[in-house]
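These notes are meant for a colleague opening the model for the first time. Please read them with the structure on screen.

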Amino acid sequence: MHVLVVVGHPLPDSFNHALARSYADAARAGGAQVRVLDLATTPFPHDPPSRRALAAHGGTTDHLEPEVAALVEHVRWADHLVVTHPQWWGTYPAVLKAFLDRVLLAGVAFRYTKGHAPRRLLRGRTARTFMTMDSPKPWNLLAYRDAAGASLGTATLAFTGHRLVGRTTFAPVRFSTPERRERWLATAARLGRRDVERLTARHRARTRVAVAA
C-alpha cells in the first residue's frame, strides 16, 4: 500500500507537521510505504507558465516544469492520500491551493468527456484530511459553512475520484494544552494504523476476487 502524506502548511515545524509525522509513523509500522511531502520545504512554481501547463497531454508530463512533474508522479504513485492543513481565512493556505492547482491536472486527475460528466481518473483511491483551526467547530459550520471541507473534500478529492474515508478537525489549537495536543497526535496515529489495516484488507479482498475470476 502506497500512502502519500501532504503537509499543507507553509511554515516548517508546525503542529500540522507533527500530525503528519504521527500518522506517517503509524502507517509505516503497519506495513505501508509512506512518502511525506512537506510543502513548506518543497519548492515548486506556483503559477502555470501557460494554459498548456494545466493539463497532462496524452497523460505525459514532459512539458511541465521538472518540480511539478515530480509532484504529479507522487500523486500517481499513491493509493491513499492524506492532506493536513490549517484553516486560514476559512479555507487553507495558498501553498496547498497552488499544489492542488499545479498537480491535479486534466489528464492526471480527471478528463473531460464530450457531452458527459468529467471522468474521475483517480477513482479507486482513498483520501483522508486533517484540519487544524483556532475557532470552535460550531463557528466553522455556522459562519464558514465548512468551506474548507467542501473545497478540499468535495470539489477536489471527490471530483478526482478519491473516496474520502475520514475528515478530522482539531480545534481550537490556540491555547490548547500539551496534554490535549498529545491526545490529538495519538488520534492521528490511531487513524494511520486503522487506514492501513482497512485498506490492506480491501486490497486483499480485491486480489482474491481477481484470482477467482
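1. What covers the buried residues of α2? The cover includes β1 (2-7), β2 (33-38) and α3 (94-103). Helices (H or I, at least four residues) and strands (E, at least two) are DSSP runs, numbered from the N terminus. The buried residues of α2 are V68, A69, L71, V72, V75 and W77, where buried means under 20% relative accessible area, exposed over 50%, and partly exposed in between (1.4 Å probe, protein chains only).

2. A word on the basis of these notes. This is a predicted model, in which local features need pLDDT of at least 70 and side-chain atom pairs count only at pLDDT 80 or more, while totals for chains, interfaces and linings use all residues. Residues are numbered from 1 along each chain as its sequence is written, and side-chain values use heavy atoms, with hydrogens and water left out.

3. Two helices were checked for length. The expected span is 1.5 Å times one less than the number of residues. Helix α2 (residues 66-77) has 12 residues and should span 16 Å; its end C-alpha atoms are 17 Å apart, which agrees. Helix α1 (residues 15-29), with 15 residues, reaches 21 Å from its first C-alpha to its last, close to the expected 21 Å.

4. Is α1 largely enclosed or open? Because 11 of its 15 residues are buried, α1 is largely enclosed by the rest of the structure. Among the buried residues of α1 are F15, H17, L19, Y23 and A27.

5. The largest nonpolar core has 39 residues, of which L4, V6, L39, L96 and F99 touch the most other members. Such a core is a set of buried Ala, Val, Leu, Ile, Met, Phe, Trp, Tyr and Cys residues joined through side-chain atoms within 4.5 Å. The elements giving two or more residues to this core are β1, α2, β3 (80-86), α3, β6 (126-132) and α5 (147-160). A second, separate core of 21 residues includes A18, Y23, F170 and L191.

6. Which residues does L39 contact, leaving aside its neighbours within four places in sequence? They are V6, V7, G8, H9, F44, V95, L96 and F99. Contact means heavy atoms within 4.5 Å.

7. The largest pocket holds about 290 Å³ of space. On a 1 Å grid over the protein atoms alone, a pocket is an open set of points with protein on both sides within 12 Å along at least five of seven lines, whereas a cavity is a set where a 1.4 Å probe fits but cannot get out; lining residues have an atom within 4 Å of a point. Grid points are joined across faces, edges and corners, and a volume is the space filled by probe spheres set on the points. Helix α6 (residues 178-212) gives the largest share of this lining, five residues. Residues lining the largest pocket include M1, D79, R125, R202 and R206.

8. The second largest pocket has about 210 Å³ of space. H9, F15, W88, D134 and R181 are among the residues that line this pocket.

9. The structure holds one cavity of 30 Å³ or more. The largest cavity has a volume of about 70 Å³, and its lining includes H85, F130, L152 and R167. Two or more lining residues come from each of β6, α5 and β7 (163-170).

10. Some backbone geometry deserves a check. Most residues other than glycine have a negative phi, and most peptide bonds are trans. W89, in the loop between β3 and α3, has a positive phi of about 55 degrees although it is not a glycine. At 88% relative accessibility, W89 counts as exposed. R145 likewise has a positive phi of about 55 degrees without being a glycine; R145 is found in the loop between α4 and α5 and counts as exposed at 67% relative accessibility.

11. The peptide bond from A171 to P172 is cis, with omega near -15 degrees. P172 has its place in the loop between β7 and α6. Both A171 and P172 are touched by S135, as is Q87, not counting residues up to four places away in sequence. S135 is found in the loop between β6 and α4 (137-144) and, at 15% relative accessibility, counts as buried.
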